[in-house]
Amino acid sequence: MGRALAKRAQDRPPARDLLLGLLSVRGGGRDDGGLLDRGLSAAAEVRPSVVVTSPPLGAVAERVYDSLSPAERAVVPDILLRLIQTTEGGGDMPRTADPDEVGGGRPGHEAVLSALLAAGLVVREEAGVRLASAALPRAWPRLREWLDAERPGLAIHRRLGEAARLWELHDRRPGDLYQGSALEIARTWATEGRRVVTLNPLEERFLTEGVTMAARRVRRRRQVTAALVALSVVAAGAGVYAEARRRRPWPSGRRWRRTWTGPWRGRWRCGPRACG
């Protein structure tokens, strides 16, 4: 036992000799390895003959994807990308999402979400659903391709979803709708920038209402502008007419008087001698 405390590694006994020494001391006598050999034999009897290993995470995801119908496969990226939070530095982190955001009452999404939950790729928590493993985007090449294709617009989609949920929480007040540059950015992404991500019913309604209100404002602005132009034209015409009346010379060689009776009451007319 003293050799086990030697400073130099080459002076220390092998682990097997050290173990045998401990067993001999504990058993009160010397054991040349019989006890150790019997222990190894006993362990071999209870050791499973076949070692069970878990399949790779990417292989599990691909197998689940292949088991779905073509229509259901188209839903998978929309669900999984909602559960990933991208950062400016290119890092990707799991994100917990409300089931209503992921499913949105769409039967196809609900069925695919159930399949992902059953396969252990997605887990359900009290706050919502999330990826079971943060390594899934790296382990599954197909998900990585979807993520790279949608990465430029995922931040826009995330802000759109948050604004739509706030609009719903505030009883869909018109003041919470997108307008201006925010509306234009979201509309352009939804119509031209999306690849595999879709809008859930709430997000689609939110964006549609915003576009409708913007169009209504444009029409109202045009009507006001047209009315102002018309008023300006009328005012200009009235001014020209008044100026023309002011500059018109009075007839010469006649005497004019004011009458207070008859159809000419309160008007100027020439007298009978002057007009005769």
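Where does Pro56 lie?

1. Pro56 is in the loop that joins helix H2 (34-46) to helix H3 (57-66). Helices here are DSSP runs of H or I with at least four residues, strands are runs of E with at least two, and both are numbered from the N terminus. Pro56 is exposed, at a relative accessible area of 58%; exposed means over 50%, buried under 20% and partly exposed in between (1.4 Å probe, protein chains only). Its C-alpha atom is separated by 8.0 Å from that of Ala139, 83 residues apart along the chain.

2. The model is predicted: local features need pLDDT of at least 70 and side-chain atom pairs pLDDT 80 or more, while totals for chains, interfaces and linings use all residues. Residues are numbered from 1 along each chain as its sequence is written, and side-chain values use heavy atoms, without hydrogens and water.

3. Overall, the protein has 12 helices and six strands. Of its 276 residues, 27% count as buried. Among contacts (heavy atoms within 4.5 Å) with a separation of 6 or more, 58% are between residues 24 or more positions apart.

4. Helix H10 (residues 180-193) packs on helix H11 (residues 201-247) at an angle of about 125 degrees, with the axes 11 Å apart. Axes are lines fitted to C-alpha atoms, for helices over the stretch in contact, and angles run from 0 to 180 degrees between N-to-C directions. H10 and H11 are therefore oblique to each other, the class left once angles under 35 degrees are called roughly parallel, over 145 roughly antiparallel and 65 to 115 roughly perpendicular.

5. On the H10 side, Leu183, Ala186, Arg187 and Ala190 meet Leu207, Gly210, Val211 and Ala214 of H11. By class, this contact has six nonpolar residues, one polar and one charged. Ala, Val, Leu, Ile, Met, Phe, Trp, Tyr, Cys and Pro count as nonpolar, Asp, Glu, Lys and Arg as charged, and the others, Gly among them, as polar.

6. Asn200 is located in the loop between H10 and H11. Asn200 is buried, with a relative accessible area of 5%. Leaving aside residues up to four places away in sequence, Asn200 touches Arg82, Asp100, Glu101 and Arg106.

7. Two residues to check are in the loop between helix H9 (141-169) and H10: Asp171 and Arg172. Most residues other than glycine have a negative phi. Phi is positive at Asp171, near 60 degrees, and at Arg172, near 55 degrees. Asp171 is exposed at 70% relative accessibility, whereas Arg172 is partly exposed at 34%.
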